[in-house]
Amino acid sequence: MLWKIVLSGLFLIFSFPNFNLSYLVFISFIPLFFAVENKSPQRAFLIFFIAGFIFYLGTLYWLYHVTVIGFIILCLYLALYFGVFGWILVGGGFKTRPYIFLIPFIWVILEYIQANISIMGFGWTLLGYSQYKNLPLIQIADFSGVYGVSFVVMMVNLTIYKTFKEIQLRRLDVSSRRSWIMICSVLIITYAYGFFRLNESRNPGLIKVSVIQGNIPQELKWDPDAQDMIIEKYIALTKMSALDNPDLIVWPETSFPGFFETDKEMTDEVLSLAKEIRVPILIGANREGDQLRYLPSADTAAGAVEKVDYFNSAVLISGEGEIVDTYDKIHLVPFGEYVPFSNKFPAMHKLVLGELGEFTPGTEFKIFVVDRHASPLPIKFGVLICYEDIFPKLAGRFVKNGAKFLVVITNDAWYGKSGAPYQHAACSVFRAIENRVPVIRSANTGYSCFIDSRGRIYDSVEQNNTHLFITGYKTSEVDYRY
C-alpha cells in the first residue's frame, strides 16, 4: 500500500513545474483509489493525507528559503484537504451514482475552500494549474476558473480507475461504457470550445510595455551597502528599455532598495529618471504609512502612542517625474509578511519572522492609468503584487473596476533555481483567461513574461534558454482588447 501512496505523490509532483510532465496528473490518483479499497474512512483519510503531504513537500519545497517552520505547517495544513477527500470518498462517494460526476465536484469544492479561506487561503498547486501549457483545454477557465480544469482532471482519473477495476474483476458492464461516453463527450466539448476561443477574431488595441529584471541576489536586496549598486542597475536597464519607446516601464516587487519617499535621495533619483526618459515607470517599493495609528498606553497622558504602518506597494510615476498614485498590497503572505494570530500569540511572530516587522494590508483596489503614444485615450490597468495573482477574485476586482490589462510584480529570488517561478506564472496564465485580459509579469529574477488574453506566454526575458537568475529587460506589444 505504501508504494501506491508514494507513486501518487510522485505522479502529482512530476505533473507540475519544473518537471512539466503534465499528462501524469490524469492518472495520479489511480494508485490512491486502489489503496483505499475496503478501508475505513479514517484509514482512507490517513492514506490521502500522507500522499498529499508528499505532494506538497515536493512542489512547495522552495518555501524553506522563506521559513522552514511555516513551510512544514503549510504542507500539513494543505494535506488535510487530501485527507478529507479520502474520507468522503470511502465514506460514501464511491457508493453514490453517478460518482463519475459527484466525486470531481467534491474535489473542486475542497480546492475552492483551500484557495479562498480567509487567513490560510493558498491555491498555488491546484490540479488545473498543471495544464497551464495545454491552451485548448484550459480555455474553459473563462467561465469555470481553474476549478473546471481540475474537475476534468479528476473525472479522467476516475474513469480510468473504474475501467481498471472492472478489468481486474473481469467485468466490463454498461456503466463502464457510459463513463467513457461521458468523459469523451466532456473532453470533445471542452477542446472544441478551446479551439473556438483560440481562433476567434477580435479588434486589436496595442500598448507597448517594457519589463525590467534586475536579478538582485536576495542577500543583497536589503543590504545598505548595496543600495547604490541596485538603484544604478535599475536606472541603467530602464534607460536601455526606454530606447524601445514604450508606453510604460515596469520594475519588479520591492525593486526600490529602501522606503519610497522616506529615503529622499533615492526617491529623487527615480523621479528624475522618469522625467529624463519621458516614460511612466511603475516600481515596486516598501513604503511607510502616511497616516499614524494610536494605541492605548499608560505611558502617555493622552493614553496613546504612535505606531507606523509599513506597506508593500506599487508606485506609478509619470513621464513628468511626478508620483501619480500608489497601490498597497491587499493579500499579504502568511508566515512571510505577517504571522496569523501573532497579535494574540506574540511568540509566534518571533518564532517565524524573528526580528522582522509585519506589513499592513492595503484596502483599495487601485486602478492606474497610462497614456498611449499612438492614441489620446488613456488605458487603465491593475497591479497584483507577489502571490496576489493566485487569487481569482482579486484579479477579477481589478478588471471589474476597469483594468484593460494586469501587471504582476514579484520577487521570486527567495525560491532559488526551482519550479516556483513557473508554478507562479501558471497562476497568471489562468488569471488572463478568466478575465480575458493580458497579464504582464515583472520579476526580480524570472519568470518575467508577457501573457495574452488566451493564456499564451508569447514573450519573456530570456538568456541561453533560461529565465531565472539573469539580468535584462524585454519590450513587447500588449493587445489589451478582447
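This is a predicted model: local features need pLDDT of at least 70, side-chain atom pairs count only at pLDDT 80 or more; totals for chains, interfaces and linings use all residues.
**Overall make-up and confidence**

- The mean pLDDT of the protein is 89, with 88% of its residues reaching 70 or more.
- Over residues 291-301 the pLDDT stays under 50, and for this stretch the model has 19 contacts beyond four places in sequence.
- Of the 482 residues in the protein, 57% are buried.
- Among the contacts in the protein with a separation of 6 or more, 68% are accounted for by residues 24 or more positions apart.

**The pair α9 and α10**

- Sorted by class, the contact of α9 with α10 has seven nonpolar, two polar and three charged residues.

**The pair α4 and α5**

- Helix α4 (residues 68-91) and helix α5 (residues 99-116) have axes that come within 10 Å and cross at roughly 155 degrees; since angles over 145 degrees count as roughly antiparallel, α4 and α5 are therefore roughly antiparallel to each other.
- The crossing in which α4 passes α5 is right-handed.
- From α4, the contact is made by Leu78, Tyr81, Phe82, Val84, Phe85, Ile88 and Leu89, while α5 contributes Ile103, Ile106, Trp107, Leu110, Ile113 and Gln114.
- By class, this contact of α4 with α5 has twelve nonpolar residues and one polar residue, with no charged residues.

**The pair α5 and α7**

- The axes of α5 and helix α7 (residues 141-168) come within 8 Å and cross at roughly 140 degrees, and that makes α5 oblique to α7.
- The crossing of α5 and α7 is right-handed.
- The α5 residues that meet α7 are Tyr99, Ile100, Phe101, Ile103, Pro104, Phe105, Trp107, Val108, Glu111, Tyr112, Ala115 and Asn116, and those of α7 that they meet are Tyr147, Ser150, Phe151, Met154, Met155, Leu158, Thr159 and Lys162.
- By class, the contact of α5 with α7 has 15 nonpolar, three polar and two charged residues.
- Ile103 and Trp107 of α5 take part in the contact with α4, and Ile103 and Trp107 are also among the α5 residues that meet α7.

**Two loop residues**

- Gln218 is found in the loop between β1 (206-213) and α9; with a relative accessible area of 17%, Gln218 is buried, because buried means under 20%.
- Leaving aside residues up to four places away in sequence, Gln218 touches Asn411, Ala413 and Trp414.
- Gly402 is found in the loop between α12 (392-400) and β8 (405-410), and with a relative accessible area of 23% Gly402 is partly exposed.
- Gly402 and Ile379 lie 23 residues apart in sequence, and their C-alpha to C-alpha separation in space is 9.2 Å.

Terms used:
Residues are numbered from 1 along each chain as its sequence is written. Side-chain values use heavy atoms; hydrogens and water are left out. Axes are lines fitted to C-alpha atoms, for helices over the stretch in contact, and angles run from 0 to 180 degrees between N-to-C directions. Helices (H or I, at least four residues) and strands (E, at least two) are DSSP runs, numbered from the N terminus. Angles under 35 degrees count as roughly parallel, over 145 as roughly antiparallel, 65 to 115 as roughly perpendicular and the rest as oblique. A crossing is left-handed if the near helix is turned anticlockwise from the far one by less than a right angle, and right-handed if clockwise. Contact means heavy atoms within 4.5 Å. Ala, Val, Leu, Ile, Met, Phe, Trp, Tyr, Cys and Pro count as nonpolar, Asp, Glu, Lys and Arg as charged, and the others, Gly among them, as polar. pLDDT is the predictor's confidence in each residue, from 0 to 100. Buried means under 20% relative accessible area, exposed over 50%, partly exposed in between (1.4 Å probe, protein chains only).
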